[in-house]
Each structure stands twice: as C-alpha cells, then as structure tokens.
Amino acid sequence: MAAETAAARGRLTRRPRRDRGGDRARSTLRARHGYAFVGAYLVLLIAFGVLPTGYAIYLALTNSTGQLVGLGNFTAVAHDFRFAPAFEHIAVYLVIWLVALVVLVVGLALLLHGRMRRTAATLRFVYYLPGALAGVAGVLVWLFMLDPTVSPVGWLLNGLGFTSFAQVIVPAHLPVVLALMAFWTGAGGWIVIMYGALNNIPDDLIEAARIDGAGPFQIARRIQIPMLRKWIAYMVILAFATGSQLFVEPQLVGEASLGAVSNSWSPNQLAYLYAFQANNFNSAAALSVDLLVLGLVCAAIIVTRSGLFDVE
Amino acid sequence: MRAMSVPARTKTGTAVPAPPPRGRRPREGWSVRRARVATARSLLLVIFALFAAFFLIPVIWLLLAPTKTDNALVQSNPFTFGSLHELGLTWHYLVTFENGAMLLWLRNSAVYSFGALAITLVTAIPAGYGLALTEFRGRRLLLAVTLVVMIMPASALVLPLFLEINAAHLIGTIWSVILPMSFYPFGVYLAYIYFSSTIPRDLLAAARLDGCSEWGVFRHVAVPLARPVVALVAFFSFVANWNNFFLPFVMLPSSNQYPVQVGLENLLSSTPSFNPAAGAGLDITRPELALAMVLAIAPVLVVFLFSQRALVSGMLAGATKE
C-alpha cells in the first residue's frame with residue numbers, strides 16, 4: 001500500500017529517477033559525514049557510558065554466579081540497616097544545599113548586576129576563585145576552618161559554643177558542613193553564569209519596565225528571574241547530580257573525625273563498602289542503579305519542564 | 001526624613017496661601033531618595049564584603065599556613081606571614097616524604113589530566129559539530145543519550161567501570177583512568193550548543209558552494225570560529241580531570257600511581273596532621289599538609305587566573321542562544 005502510493009506519487013510528479021537517486025546519495029553522504037564527526041565520541045560513549053550502565057543493571061539483577069535473581073539485590077540492599085540513614089543524610093544535605101544555592105546565587109547575581117561594573121567584575125572573580133579548590137583540597141581547607149584551634153575564625157566557632165574539632169564534626173552537623181563546602185567551591189561559577197545570563201536580557205526591556213514605574217524588586221521578580229528560569233533549572237539539575245553522588249567529602253570528613261562519622265554516611269560510600277570491603281559487586285551495582293534512577297528521574301522532570309533543552 | 005518633610009510643607013502651605021515654592025518639592029524628594037540609595041548601597045557593600053570574606057579567608061589562610069610552624073599556626077595571628085625559612089623547611093619535609101612521593105603524584109596528575117584532555121578535545125568538538133550541523137539517522141537519540149549521561153551522577157558509573165576495566169585487565173594502568181575521564185559528554189553538549197547557536201548554516205552552505213568538502217568546512221570554517229568553546233571545554237575538562245578523586249581511588253592500587261588528589265587523602269589518613277595516632281610521616285604536620293594542598297591546587301588556580309576572560313566569554317556563548 002505504502003509502496004503503491006509512493007509509486008503513484010512518483011508517477012504524478014514525474015520526477016526522473018536519476019535525480020531522486022542523486023538526492024539519496026547526497027543525503028547518505030551527508031549522513032556518513034555526520035557519523036564521521038560523532039564516531040570517536042560514540043565509541044567512548046558506548047565503552048564508558050552505555051556498557052558500564054548495562055553491566056551495572058545486569059549485575060544488579062543477578063547473583064555472584066550469574067543467576068537471575070530479579071529484584072533480590074535491591075530488596076537486600078534496602079533492608080541493610082545503613083541504607084535508610086544514608087539516603088536520609090543525602091536528602092537533608094540536598095535540601096539545605098539546593099535552597100542555599102538557588103537563593104544566594106540568584107540573589108548575589110541580581111545584586112551584582114548593573115551596579116559598579118568594575119567592582120562587580122572583581123567580586124565575581126573573588127566569589128569564583130574557590131572553584132579552583134573543588135575536590136580534596138577544598139574539603140581539607142574546611143577541615144582546618146572548622147578546627148577551633150587553628151581556624152582563622154576560631155572566635156566565631158567559640159562563640160557558637162565549639163571548643164574542639166570533634167564537637168564541630170558531629171554527625172548531626174554534617175549536612176550543614178558539607179553544604180558549606182559545596183557552596184564555597186561551587187557557588188561562584190554559577191554566579192558568573194547567572195550574571196552572564198542577566199547581561200543577556202535586552203536593556204530595552206528593563207528600561208521599558210522602569211519607565212512603567214517598576215522598581216528594582218519588581219524588575220527582578222517579573223523580568224529577570226523569569227528569564228533566568230532555565231538557567232536556574234540547569235543549575236539545580238547539575239547540583240542535584242553532584243550532590244546525590246557525594247563520596248569524597250564525607251569520606252575525608254569521616255577519616256578526619258577518626259570514626260565519629262560513619263564510613264557509610266552517603267549511598268555511594270555504602271556502595272563502595274559493598275564492592276571493596278564485602279566484595280559483593282551485585283549489591284554494589286544495585287545501589288548504583290538506585291542512585292542512577294534517582295538522578296535520571298529528577299533530571300527528566302527538570303529537562304521536560306524548564307524549557308532549557310528546547311534547543312530544536 | 002520623609003516624616004519630617006511632610007509637616008514642614010503643610011506648615012508653609014497654611015501660613016502662606018500662595019502655592020508652595022516650586023523648587024522645594026523636587027529637592028526634598030531628591031534628598032530622600034539619595035538617603036535611601038545611600039542606605040541601600042551601604043547594605044549592599046556589607047553583603048558583598050561578607051561573602052567576599054567567606055570565599056577569600058580560607059584561600060588566604062591556606063596560602064599563609066605553609067610559612068609557619070605547626071605551633072605558630074595555633075598561636076599566632078592567622079593572617080600573618082611566617083618566614084621564608086620556615087616555608088623552606090615545610091617544603092623540605094613535604095618533598096622528602098616517602099622519597100618525593102608528592103612530586104611523583106603531581107607528575108601523575110599532569111599525565112592523566114592532559115592525556116584525557118587531549119582525547120576529549122579531539123572527540124567532543126567534532127561530535128558537537130556533527131550533532132549541531134549535520135543530519136544522520138540516530139542524531140536525536142545520540143543527543144538525548146549525551147544529555148542523560150551528562151546529567152547522570154558520574155560516580156554512579158565508577159564501580160561498574162571498575163568491573164569492566166578489570167575484565168579488560170587494565171586495572172593499574174594509566175588507561176584505566178585516562179580513557180574513562182576522556183569520555184566527557186558535558187564537553188560535547190557545550191560544543192553542540194555553541195555550534196548550533198553561533199554558526200549560521202548559510203555560512204557553511206556558502207563554504208560548500210565554494211567547493212569545500214564536509215571535512216574542509218569543519219576544519220576551515222567551524223574550528224577557527226570555535227576557539228571560545230574549545231577553551232571552555234578544555235578548561236572544564238582539565239579541572240574535572242585534575243580534581244577527580246573517586247575514579248583513580250578505585251582504579252589505581254599502588255601509591256606511586258596516585259594522582260595528587262588521592263595522594264592528599266593518603267597524607268590526611270596516614271600522617272599526624274589530623275590523626276595523632278598515625279605512625280608514618282611524622283614530619284607531615286599541618287603546615288606540610290597545607291603546602292601539599294597549595295601545590296595540588298596550583299595548576300587549576302593558574303588556569304583560573306589566566307583564562308578568566310575566555311571563560312566568561314565562553315560561558316556567555318551558551319547564554320546567547322536565541
């Protein structure tokens with residue numbers, strides 16, 4: 001049927017066959033070039049993205065002898081006494097961090113924008129600088145900052161009632177401590193991005209609003225923040241992704257706390273323990289898949305709702 | 001101020017039936033506004049200064065700490081410079097730790113980071129171009145998968161990667177770190193956004209009409225225009241590689257293969273700076289640890305200082321999409 005309609009259409013338009021073949025050849029050629037451009041990346045994507053993901057799912061659904069066990073690994077991991085606390089820790093941390101990130105980054109970018117250009121440039125750089133210490137060094141710096149004996153703000157810690165490092169690094173404080181570290185290294189880069197996005201809003205629009213009598217607050221609320229929406233969503237996605245996979249930060253704080261902070265504080269640490277302490281790769285994979293699904297669901301919600309990825 | 005000015009005007013109004021002097025009202029409004037602007041501005045400055053202190057104090061402290069003895073770190077003013085002599089001693093203790101392990105770790109980090117960066121650039125830039133400006137079957141799927149992997153927590157893949165690399169008998173080789181690091185979907189996404197937003201298709205069509213091959217169009221038209229995004233991808237990829245901890249932590253079993261990030265963790269856990277019971281490296285106290293941190297961040301800090309302008313323009317490239 002379809003072939004018939006196509007043939008009929010071909011007869012109706014009386015297009016010479018050779019030409020159509022030429023079109024197809026050209027577009028095939030184009031396509032081949034497309035593959036040539038993405039080919040090398042595609043190999044990396046399959047080898048280090050798709051294959052390990054598939055392998056993790058396979059491992060999560062089987063046992064150590066390769067037999068299919070359904071969701072057995074998932075339920076076993078979920079019944080581990082360390083499972084619920086690890087996710088609770090990360091949830092509390094994410095709430096604190098994401099709220100602080102959105103409110104303070106957007107707030108500071110708005111305050112910096114349109115005022116004192118040179119000062120704003122300097123301040124953006126100052127705020128951005130700790131980004132160079134992302135990773136282990138950033139955590140270690142904060143271990144020093146939070147130790148009342150050597151901290152340059154020891155008076156502040158004393159004022160809050162802390163006299164020793166052990167008092168600061170109690171497990172209950174960890175979400176706040178880790179949010180502080182993450183904000184310190186991560187916020188500046190986002191301030192730069194938000195500031196750039198603000199620069200991108202046409203001046204006419206702001207000027208028109210001002211002539212209509214809008215103050216700075218109204219301009220921020222009705223023009224600037226709505227136009228930053230997709231950037232804020234983008235920030236939240238990536239911050240959530242990095243936040244839910246915490247490993248190095250609680251690991252180092254745990255080592256420095258000499259055992260006061262559990263070495264299975266975050267889900268990723270727990271997965272690591274399964275793999276390297278218990279040699280239970282199937283349970284480790286199940287936990288990894290849990291984390292993956294968590295990240296994917298949130299990413300999907302934001303991707304479909306923020307309008308950021310309506311690039312085509 | 002406003003409360004005071006209002007009755008004053010009424011008084012003049014009742015005493016003299018003539019209309020209030022013209023110049024008066026605007027001048028008062030102006031001074032009220034000026035006072036409010038001044039208050040708002042000083043409040044702003046306080047906020048900016050507080051955040052500047054929050055972001056800068058740890059950096060300044062860290063840069064000064066290696067110039068002091070451990071004792072001075074506790075006793076003296078935290079924002080004073082110790083002495084160059086003390087800095088020399090700190091350096092000596094640090095580089096003699098396990099026969100120069102620190103320098104070896106830095107060298108390893110450089111090899112891993114630049115190796116992965118090179119592969120990232122030669123794969124991600126053409127891929128971004130291909131996704132943005134060519135048509136092929138599966139293009140949208142590839143774009144979607146790239147986005148998903150980019151957003152997905154990278155370390156969720158670390159353990160599966162370990163098993164895969166283990167099966168390929170590459171554990172403990174530099175490729176176990178370089179190859180997974182060089183897979184960088186965020187770089188592809190940045191290149192894709194850049195190419196799809198800043199390069200007009202007409203320009204490419206014109207080059208094709210002039211007889212450029214598809215590869216020639218990429219090589220002679222797109223790449224020269226793509227310098228900002230190449231810089232941006234290189235920067236983000238280098239920083240991510242240099243700061244990567246979890247992947248090498250899992251992949252590399254022996255100390256002489258550690259990159260500096262894993263080396264720092266090793267210093268923290270095996271020396272007395274935070275662990276008074278540690279048996280090894282008794283010379284590694286807090287100033288030595290601080291110096292190790294400074295050395296570990298130095299390359300990224302240098303990149304930050306020198307590429308600031310390119311970076312900001314590159315970040316804006318993504319923002320000028322429409």
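**Helix packing and chain contacts, in questions and answers**

Trainee: When H4(A) passes H9(A), is the crossing left-handed or right-handed?
Mentor: Keep in mind that we are reading a predicted model. H4(A) covers residues 83-112 of chain A, and H9(A) covers residues 174-199. As H4(A) passes H9(A), the crossing is right-handed.

Trainee: At roughly what angle do the axes of H4(A) and H9(A) cross?
Mentor: The contact between these helices has 25 nonpolar residues, 1 polar and no charged ones. Their axes come within 8 Å, and the crossing angle is roughly 35°.

Trainee: Where is confidence lowest in chain A?
Mentor: Chain A as a whole averages a pLDDT of 81, with 85% of its residues scoring at least 70. H4(A) has the highest confidence, at 92. At the other end, with a mean of 36, is helix H1 (residues 2-13) of chain A.

Trainee: How many contacts beyond four places in sequence does the model have for residues 1-21 of chain A?
Mentor: Over this stretch, pLDDT stays under 50. Where pLDDT is low, the predicted coordinates should not be read in detail. For residues 1-21 of chain A, the number of such contacts is 2.

Trainee: Which helix of chain B gives the most residues to the side that touches chain A?
Mentor: The contact takes 78 residues from chain B and 75 from chain A. By class, the chain B side has 59 nonpolar, 12 polar and 7 charged residues. The helix that gives the most, with 12 residues, is H2 (residues 24-64) of chain B.

Trainee: Turning to chain B, what separation do the centres of domain 1 and domain 2 have?
Mentor: The domain assignment places domain 1 at 22-89 and domain 2 at 93-319. Taken over C-alpha atoms, the separation of their centres is 34 Å.

Trainee: Which elements give two or more residues to the side of domain 1 of chain B that touches domain 2 of chain B?
Mentor: In this contact, 9 residues of domain 1 of chain B meet 8 residues of domain 2 of chain B. The domain 1 side has 6 nonpolar, 1 polar and 2 charged residues. The elements you asked for are H2 and helix H3 (70-75) of chain B.

Trainee: Why is H5(B) called oblique to H9(B)?
Mentor: H5(B) spans residues 101-133 and H9(B) spans 185-198, with their axes 7 Å apart. H5(B) is oblique to H9(B) because the packing angle is about 45°.

Trainee: How many nonpolar residues does the contact of H5(B) with H9(B) have?
Mentor: H5(B) passes H9(B) in a right-handed crossing. Contact residues of H5(B) include Ala124(B) and Leu131(B), and those of H9(B) include Val188(B) and Phe195(B). By class there are 4 polar residues and no charged ones, and the number of nonpolar residues is 12.

Trainee: Which residues of H8(B) meet H5(B)?
Mentor: The axes of H5(B) and H8(B), residues 175-182, come within 8 Å and cross at roughly 40°, in a right-handed crossing. The two helices are therefore oblique to each other. From H5(B) come Tyr112(B), Gly115(B), Ala116(B), Ile119(B) and Thr120(B), which meet, in H8(B), Val177(B), Ile178(B), Met181(B) and Ser182(B).

Note on methods:
Residues are numbered from 1 along each chain as its sequence is written. Chains are lettered from A and ligands numbered from 1 in the order in which they are written. This is a predicted model: local features need pLDDT of at least 70, side-chain atom pairs count only at pLDDT 80 or more; totals for chains, interfaces and linings use all residues. Axes are lines fitted to C-alpha atoms, for helices over the stretch in contact, and angles run from 0 to 180 degrees between N-to-C directions. Helices (H or I, at least four residues) and strands (E, at least two) are DSSP runs, numbered from the N terminus. Angles under 35 degrees count as roughly parallel, over 145 as roughly antiparallel, 65 to 115 as roughly perpendicular and the rest as oblique. A crossing is left-handed if the near helix is turned anticlockwise from the far one by less than a right angle, and right-handed if clockwise. Two residues are in contact if their C-beta atoms, placed from the backbone, lie within 7 Å. Ala, Val, Leu, Ile, Met, Phe, Trp, Tyr, Cys and Pro count as nonpolar, Asp, Glu, Lys and Arg as charged, and the others, Gly among them, as polar. pLDDT is the predictor's confidence in each residue, from 0 to 100. Domain bounds come from an automatic or database domain assignment.
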